[in-house]
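Thanks for coming, everyone. I'll keep this short. Please have a look at the model on the screen.

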Amino acid sequence: MRNPLADRVVQVPPSGIRRFFDIVSEMKDAISLGVGEPDFDTPWFIREEGIYSLEKGRTFYTSNAGLKELKVEICNYLHRRFHVTYDPTDEVMVTVGGSEAIDIALRAMCNPGDEVLIPQPSYVSYVPCAIWANGVPVTIELEEKDQFRLTKEKLLEKITPKSKVLILPFPNNPTGAIMEEKDLIEIAEVVEKYDLFVLTDEIYAELTYGGEHKTIAALPGMKDRTVLINGFSKAYAMTGWRLGYAAAPAPILAQMLKIHQYAIMCAPTTSQYAAVAALKNGDEAVAQMREAYNQRRRFVLNCFKEMDMDCFEPYGAFYTFPSIKRFGMTSDEFALRLLEEEKVAVVPGTAFGDCGEGFLRISYAYSLEELKEALGRMRRFVERLDAENAAKADNA
């Protein structure tokens with residue numbers, strides 16, 4: 001019998017994040033700090049709008065690109081918050097989460113052999129999506145000494161005549177790193193010089209601490225080179241509603257929409273009506289959730305300090321990326337022992353690229369009570385590791 005499977009799909013490993021999630025789901029009394037999902041319920045006024053849309057019988061397909069009212073509100077939001085202007089008619093489309101937007105953007109832009117520049121550590125979907133788009137993923141290893149930001153120098157090292165798309169994953173999952181405007185200006189100069197296009201994933205744009213988020217699309221000359229990806233999952237606690245969007249130059253968006261038409265038809269109608277309410281009236285709710293995350297962020301960083309664990313200060317998303325190099329263990333070994341001995345699940349840094357070795361991703365999108373319990377268990381584990389290493393040193 002002939003092999004029914006496509007090699008490029010088989011060769012991509014399953015997500016390293018889900019591996020630990022699956023283990024902890026069957027472990028009694030385990031606490032997971034591994035999944036990047038808000039612990040807040042979707043704000044009531046958003047849920048209410050979704051319920052109302054069902055009561056009114058709004059259960060039919062929308063246009064392929066999404067509800068006109070929602071596209072208008074997306075444009076209003078992007079202009080109000082990030083000072084970039086889009087035409088709702090042909091520069092915005094609604095997708096099934098930000099993940100679909102990433103997938104179809106790469107498929108719309110990549111010809112076989114085109115190189116996709118992907119800073120790592122970063123979200124697990126970029127490399128597989130580049131491969132499935134017949135592109136060639138080229139990773140750029142970011143470093144803690146640079147606060148895990150993409151520098152002009154690191155980008156220049158990886159550019160070749162085949163380079164076409166640069167992914168900008170900031171605020172970053174898993175590190176929590178951000179890019180400031182001065183950083184983006186330097187990157188934009190390189191992008192223009194080498195005639196690149198940018199896919200900027202801004203799903204965590206509203207979850208920044210210590211300053212306003214900046215988008216490269218707002219810089220002079222960059223809107224025509226940029227596909228901006230965003231969504232409702234993180235900022236509005238709407239993960240299960242599966243709704244995202246892309247804003248892009250009309251020629252690129254037209255091809256993305258073509259893929260979306262054939263593969264998806266349209267995003268969920270109920271979710272789209274709820275999203276209109278989120279964009280119109282959600283700023284206060286987002287601010288309240290952001291402040292709660294910021295409180296947890298400071299608590300977690302202080303816990304690491306007390307455990308003598310190095311962790312650069314993240315200013316975005318809801319993740320920390322502490323170093324475990326001093327323990328002489330791989331990220332996988334540390335995470336597995338922590339899960340087995342203290343029933344706390346975290347994600348090895350290597351799930352986000354090889355350069356994540358020696359780090360863990362720990363999400364603080366959990367209640368303070370859960371964080372206190374989980375980090376208390378982790379402190380106990382770290383103290384035990386320190387005692388083991390001290391005993392080894394004495395016996396050496």
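Which ring does the charged end of Lys223 sit over? That would be the ring of Tyr86, with the charged end 4.8 Å from the ring centre. Keep in mind throughout that this is a predicted model.

The charged end of Arg58 sits over the ring of Tyr273, and here the distance to the ring centre is 4.9 Å. Hold on to Arg58, please. Arg58 also turns up among the contacts of Thr269. Thr269 is in helix H10, which covers residues 269–281. Setting aside neighbours within four places in sequence, Thr269 touches Arg58, Phe60, Tyr61 and Thr62. Is Thr269 buried or exposed? Its relative accessible area is 13%. The cut-off for buried is under 20%, so Thr269 counts as buried.

Now the aromatic rings. The structure has 15 aromatic pairs. Take Tyr77 and Phe82: the ring centres are 5.6 Å apart and the planes stand at 90°, so this pair is edge-to-face. Both residues, Tyr77 and Phe82, are buried. Elsewhere, ring pairs build a cluster out of Phe40, Tyr204, Tyr293, Phe318 and Tyr319.

On to helix packing. How do the axes of H5 and H9 cross? Helix H5 runs over residues 97–109, helix H9 over residues 250–263. Their axes come within 9 Å and cross at roughly 115°. The crossing is right-handed. Who meets whom? From H5 we have Glu100, Ala101, Ile104, Ala105, Arg107, Ala108 and Met109. From H9 the partners are Ile252, Gln255, Met256, Ile259 and His260. By class, the residues of this contact of H5 with H9 split into 8 nonpolar, 2 polar and 2 charged.

Stay on H9 for a moment, and look at Ala254, which also belongs to this helix. Ala254 is partly exposed, at 39% relative accessible area. How far apart are Ala254 and Met93? In sequence, 161 residues; in space, 9.4 Å from C-alpha to C-alpha.

Last topic: backbone geometry. Most residues other than glycine have a negative phi, and most peptide bonds are trans. Here are some exceptions.

Cis bonds to begin with. One joins Gln120 and Pro121, with omega at about 5°. Pro121 is placed in the loop between strand E3 (115–120) and helix H6 (126–132). Another cis peptide bond links Phe170 to Pro171, and its omega is about -10°. Pro171 is in the loop between strand E5 (163–168) and helix H8 (181–193).

Then positive phi. Asn134 is not a glycine, yet its phi is positive, about 65°. Where is Asn134? Asn134 is in the loop between H6 and strand E4 (136–141). With 41% relative accessibility, Asn134 counts as partly exposed.

Asp308 also has a positive phi, near 60°, and is likewise a residue other than glycine. Its place is the loop between helix H11 (283–306) and strand E9 (319–320). Is Asp308 buried or exposed? The relative accessible area of Asp308 is 52%. Exposed means over 50%, so Asp308 is exposed.

That's my tour. Let's discuss.

Definitions and conventions
Residues are numbered from 1 along each chain as its sequence is written. This is a predicted model: local features need pLDDT of at least 70, side-chain atom pairs count only at pLDDT 80 or more; totals for chains, interfaces and linings use all residues. Side-chain values use heavy atoms; hydrogens and water are left out. Rings of Phe, Tyr and Trp (its six-membered ring) pair if their centres lie within 6.5 Å; planes under 30 degrees apart count as stacked, over 60 as edge-to-face and the rest as tilted. Buried means under 20% relative accessible area, exposed over 50%, partly exposed in between (1.4 Å probe, protein chains only). A charge sits over a ring if NZ of Lys or CZ of Arg is within 6 Å of the ring centre and within 35 degrees of the ring normal. Axes are lines fitted to C-alpha atoms, for helices over the stretch in contact, and angles run from 0 to 180 degrees between N-to-C directions. Helices (H or I, at least four residues) and strands (E, at least two) are DSSP runs, numbered from the N terminus. A crossing is left-handed if the near helix is turned anticlockwise from the far one by less than a right angle, and right-handed if clockwise. Contact means heavy atoms within 4.5 Å. Ala, Val, Leu, Ile, Met, Phe, Trp, Tyr, Cys and Pro count as nonpolar, Asp, Glu, Lys and Arg as charged, and the others, Gly among them, as polar.
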